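Work through the exercises below with the model open. Each task is followed by a solution in steps.

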Amino acid sequence: MNPSVPPSAAEYGGDEVSAIVLDPGFSTTRAGFAGEDTPKSLIPSYYGKYSFEGQEKLIFGDDVFVTPRPGLSIHNPIGRDGIVEDWDMAEKVWEHSFTSRLTGAKPGNPLQNGLNDVADGEFPTEMEGVEAEEKPLADSPLLMSESSWNPTKAREKTIEIAMEKWGTPAFYLARNGVLAAFAAGKASALVVDIGASNISVTPVHDGMILKRGVQHSPLGGDYISSQIRALFKSNAPQPITIIPHYLISSKAAVEAGQPPQAKYKTFPPDRAPDSSYRSLLEERTLSEFKECVVQVWPGPTKLSATGPNGVVNEDMARSSPGRPFEFPDGYNQVFGVDRYRVVESLFDAKAAVPDPDSLFPAPTQAQTVPELIKAALGGVDVDIRPHLLANVVVTGASSLLHGFTDRLNQELMQSYPGPRVRISAPGHISERKFSSWIGGSILASLGTFHQMWISKKEFDEHGPNIVEKRCK
Amino acid sequence: MPPFKDEHILIIAPGSQVTLAQLGLPESFTPARFRFPTRMFPAEKKGEYEPYRIRERRQELKPANGHNAPKDVEMKGAEPTAQEGTGNSDVVKTEGSEEQKAEKTDNVAEGEPQEGAENGQTVEEIFYEEDVASDEGAIFPMENGRIMDWSCFFALLTHIHNTLSPPFHTPIMLIAEPVWSLRDREAITQFVFEKFKTPAFCLMDSALAVCYGYGTATATVVDVGKDKVDVTAVTDFVVNEHGRGIALEGCGGDYMTDRLVELLRSKGFSREMCEQLKQSNITELLPQGTPLPGTAATAQQDINHTSGSADAREGSDEGALKSQNGSAENEEDEGVLDVAAIVSGDASASDYIAKREQEKSVLKKSADQNAKALRLPNSKKEKATFQYQQFVRLEPDKDAPTGPGRFIRQTRDIEVGIERFLAATPKQKIEDRLSSGILEDIATQIHHTILAVPDATKRSDLWDSLIVVGNGSKIKGFTQALLGTINQKFVLSPSGTIFTSEIPSNFSTPIPTGGTNTPAPQGLSGPMHHPGGPGVNPLLVAATHSNNPAASNMPPGTPQMDPLSHHRSTGHSQTPTSVRTVKPPEYFAEWKEQSAPNAAQNASGPPGPGGPASGGGNRGMEEAVFLGAQVASKVIFVLDQGLSKGFMSRVEYNENGPSAIHEYFM
């Protein structure tokens, strides 16, 4: 090396190696470098599988949504309850989340990346072997999040993958409830997380979850989708079937409520994508529907009840102008009071749109958000309840449903008229969607966090069970 | 730090095929002054690269003086090993791999005895020459934007840096491909600071650079490359990473070449011919529903046509491949392109010029012929011709076997039928994707990308500001055809919805809760603007913003609807209600001229004749990324001077290391 070159490894300090924060969810997996404000990598947790010319191929990332493949089927390594079911695939999906945008597929051999001058003939021969087993995270510590009800086995498996498969030098596993509280700048909070497959209520006190108070139920975003599907089935003047874009070659403009006039595409049966692919793409349309149309009845009383001024709420809702929506095949309709109904069962189980074919059984009252909060508070010490109620943190992408926080506020004020109820819901969309990732980003970049990492050496000494002792 | 000067700024925009570079910002921004082919050739020493292919040729000489002979070696390349003389073992090693194996005599391996031998024994001398036109053995360090071979990529950067040889106080602007990961960017940052010792470095995303070029803060940038497409939504000069279409494979210009090959192979077209056909001005993508010339009016070009009927059409068209200028074949005086020969004096300059003249007159003649036929617009003609140029390496002359390789350019006119309108139709070959054609794939990706933008209020603007760049999109009618596909598949019908919708709900009660942000009236640009959120009457918002510049973006023809439709664009309504492209800026004269339809001269030489071709030549707004890079350099390095952290300075690098580029990355 030329001695006049000022920068050397020593000068820009080893502690600048930024950790990677990985926040796997049921619907999406978020990954990014600690210290940044949004995850740079956001991929669906779903992956596609198809075989082409006798070879089985896998697709990860957004590509799944864009190009249909012959015989493509969609899978998710994570079960409906948020616990990993297929570890091999979970590892691959997670690996894709950070290799695709952050670390690159395989780090180049430092001897050949052009940054180091190596005199001819000095290539150490043994480097060949090292390069072959280069691991994707060999130089980045990894902080991962998990749900509060993650079983011990799953936690141990996670650290094993991180340490043995990815070769991370340091690892930590944090509860996503705690991280969401951190993202809101609170060490104690009641975190209400409305996710895709689950809604959960997690009491956090001084940065620790209170295990007895953790509640969760399956009434998440996917449940709302199933409610919307139920609504479409019983829709008047005609039931609506969602036909995703990939099955349509062109559409024509039709009047509202008129049958669609679109040209459809057909695939030969041996090449047609699996029904799981279709339902994934239908979900895209549904999430657009949720963004554009669906609204939570603002309260203060239930949609089925009578409002404070004596008018039945449903009539009130009916009198408000509807919201139009056009489906990929061109069918369009204005949705009136129905747009409130599909989410009402998050607060009032009796209001659920009945659908016998749905994947989701009819909800019970105990699964609704207000009841979960009640149960969570019931599980914690009486002394800290007022403090938690004053720090209710609402997070999760499904909480972005129009009017959700207003309604939640009304419900809480009715249930707890005495104590001061204060809901804190970040207004910024990405803060709401990625709050547990952001909390992880904050945590991993704290100087004081350094002592918390589980190092590779400790893992080698104590085995995977160390995660139970260190990450509480 | 003294301010940076315009003439010192170095801009490099790497691409998978061509890397654009320029030192200094001209008075009025021009297309890139240098175009380097993005490839290098492995040098004799492992890990080193040469910009041109080095050939080696041997010749037997009778040395007048045995010891001096090796010094006469003609050295055109900067071959370090060559300088060490013929005795070097490295040279011997490569010799073995060369074709001239047969020539190898036993005594070559031992240079010493050979040199020592006197008495007029024949000595073999090795000539090194740069073969500027050859691609053989080249390594392309980038593939679909990804850097596959780092040492080669860095060697290319070094070569560019050396060629332009900027002064010390040169800030560097490098255009980053979207597909580069953060670690890739760190590695490049480290390389640039440590090798080039630059005082300031800016790594700018190519999509953002395009926005600078077009002077717009919010746009959907579609970059059609050789074999990939990037679709990026940029809002307020921020790239939306989530849902971005990155290096969508099989959607670039190569797709269209492949399709033409598929259509025309039976007529004896080679891939190279199809490539030139694609680049010629007779190939067009017609708007959907346009009847193809010469076919029955009912047969329409349909993007979603099954390939079967395309076959039928193919069959109806026969004998498309006709060589008109039959005499052109192998006619040496048609035009000899032999730069090296001129330089080395093998052919006299006047001779060369005479040949060029001749060539020009031939061109003119054919142009005249074309002019007669040009009465009809191309899209109405059933058949059209394009000029195909081919470079053939001549056998070395008998009398001068030492001369550098000579090339002959053959030109002939080839007639093509309606296949030339079908470049974007679905391929016949069974592929592992089910979509119908490149346009649909790109349209779907655009839809996905815009839908993934979290700020729903921006989506409508994004649909209304589409920018299509990249040399893959150069084919005539590409953008229009893409817009047509989007219109067909995604644009919402205005029926019914526009009148019944969006009358604000009048009963949502404002509730002051903790973090729920009451949208400020100016919440238009605020990301927390919760549409129709508690308390604020959206009509009021719309009314207070009726003179907002965004309102002028609304579709014309519905002036009375303005407040309502304006609310639509800000509310959480479905998109797109319309789709359109952004007009390129008009104040860059050099760019404007070139965005005129490309002349017949389009096929300007073989793919990647070696060496940085100077001058732009036929470069239009497809390379707007380079215009944007110049605008951005001016803003970031000269006007702003680092106030808003536009670039990373050397001080910063020394303090924080390469990973600090994450904060500066634009």
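**Exercises on chain A**

The domain assignment, automatic or from a database, divides chain A into domain 1 (14-180 + 433-470), domain 2 (185-218 + 365-425) and domain 3 (220-362). The model is predicted: local features need pLDDT of at least 70, side-chain atom pairs count only at pLDDT 80 or more, and totals for chains, interfaces and linings use all residues. Residues are numbered from 1 along each chain as its sequence is written, while chains are lettered from A and ligands numbered from 1 in the order in which they are written.

**Exercise 1.** Describe the contact between domain 2 and domain 3 of chain A.

*Step 1.* The C-alpha centres of domain 2 and domain 3 of chain A lie 28 Å apart.

*Step 2.* Count residues in contact (C-beta atoms, placed from the backbone, within 7 Å). Domain 2 of chain A contributes 22 residues and domain 3 of chain A contributes 19 residues.

*Step 3.* Helices are DSSP runs of H or I, at least four residues, numbered from the N terminus. On the domain 2 side, α10 (369-378) and α12 (404-415) of chain A each supply at least two residues; α12(A) gives the most, with five residues.

**Exercise 2.** Is A:Lys302 buried, exposed or partly exposed?

*Step 1.* Locate A:Lys302 in the loop between α7 (275-292) and α8 (313-319) of chain A.

*Step 2.* Apply the cut-offs: buried means 20 or more other C-beta atoms, placed from the backbone, within 10 Å, exposed means 12 or fewer, and partly exposed lies in between. A:Lys302 is partly exposed because 19 other C-beta atoms lie within 10 Å.

*Step 3.* Leaving aside neighbours within four places in sequence, A:Lys302 is in contact with A:Phe347 and A:Asp348.

Notes
Two residues are in contact if their C-beta atoms, placed from the backbone, lie within 7 Å.
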